[in-house]
Amino acid sequence: MVEPLLTTRGLSRGFGALKACDGVDIDIRAGEIHALIGPNGAGKSTFVKLVSGEIAPDSGSIHLLGKPVGTLPMTARAGMGMARSFQVSALAPSMTGLEHVVLALLQHRGGVFHFFRPIARDTGLKARAEEILARVGMLDRATIPVAGLSHGERRQLEIAIALALEPRVLLLDEPMAGMGAEGSARLAALLNELRGDMGILLIEHDMETVFALADRISVMVGGQIVATGNAGEIRSNATVQSAYLGDAP
Ligand SMILES: Nc1ncnc2c1ncn2[C@@H]1O[C@H](COP(=O)(O)OP(=O)(O)O)[C@@H](O)[C@H]1O
Ligand SMILES: [Mg+2]
């Protein structure tokens, strides 16, 4: 069997007495969209923060492409092929989308190559940034400062920045939150298209979107994974129904 791109085993993190993540085992396989669902406060965002390196685990392991990364800083994990979008935006208001993506491309290349050419003469860089912005449907908004973009457009830009890092594993924490129906549909189509190139962890509360997009779904309740399976298995899982789906509005 092909080794998963990302593996966590026994991943745990508490806040005081609260076990936000409690022994989480998840595999993200190449080419899959793996949805992580669960009620508010289940620990989904904490899991993404642990995997990306924003916060440190109390115990457990994280392997990226077979290598242990649990103690590496965020930038090192990013350099090894992990990218994420943030549930709360981390963009610079005065910078344009194009500038953000060019910077992300430079950051990515800087970790891999040595460049001796002045950046301004690198027309390939701008073209590549525009290609990525077009992919997320943001090319016509590329030169507008972030302050002038809608919430949904900022989310799309964040995904463009993540794609500039050419990730093997993409972590998306509620990327559709605050997007209109049109933006959500466009993003769903983009994720569908990206699926073959990388492994995607998708946290999303809209079950219709999850069941339509996800190859596999893990259900988190109270910091623990209570079930993992495909859409059919999750729909018919009794534990999931009583613990989560049954409570959904
Ligand atoms: N920095 C923190 N300090 C204290 N408690 C936190 C912190 N971050 C998250 N929590 C708590 O951990 C639990 C899981 O939160 P979170 O991972 O954000 O859940 P989800 O993303 O599934 O809604 C919640 O009870 C939340 O209040
Ligand atoms: Mg969350």
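Contact here means heavy atoms within 4.5 Å. This is a predicted model, in which local features need pLDDT of at least 70, side-chain atom pairs count only at pLDDT 80 or more, and totals for chains, interfaces and linings use all residues. Side-chain values use heavy atoms, with hydrogens and water left out.

**Largest nonpolar core**
- A nonpolar core is a set of buried (under 20% relative accessible area, 1.4 Å probe, protein chains only) Ala, Val, Leu, Ile, Met, Phe, Trp, Tyr and Cys residues joined through side-chain atoms within 4.5 Å.
- The largest such core has 38 residues, of which V101, L157, L170, L191 and I200 touch the most other members.
- Two or more residues come from each of α3, α4, α5 (151–164), β7 (169–173), α6 (181–194) and β8 (199–203), these being DSSP runs of H or I (helices, at least four residues) or E (strands, at least two).
- Helix α5 contributes the most, with 7 residues.
- Because domain 1 (1–81 + 168–249) and domain 2 (92–166) both supply residues, this core lies between them; the domain bounds come from an automatic or database assignment.

**Surroundings of L157**
- Apart from neighbours within four places in sequence, L157 is in contact with L91, G97, H100, V101, L133, M138, V146 and L149.

**Second core**
- A separate core of 23 residues includes L11, I28, V69 and I203.

**Packing of α3 and α4**
- Helices α3 (residues 97–110) and α4 (residues 123–135) pack at about 115 degrees, their axes 9 Å apart; axes are lines fitted to C-alpha atoms over the stretch in contact, and angles run from 0 to 180 degrees between N-to-C directions.
- Residues making this contact include V101 and L105 of α3 and A129 and L133 of α4.
- The contact residues divide into 9 nonpolar, 1 polar and 4 charged, with Gly counted as polar and Asp, Glu, Lys and Arg as charged.

Conventions
Residues are numbered from 1 along each chain as its sequence is written. Chains are lettered from A and ligands numbered from 1 in the order in which they are written. Buried means under 20% relative accessible area, exposed over 50%, partly exposed in between (1.4 Å probe, protein chains only).
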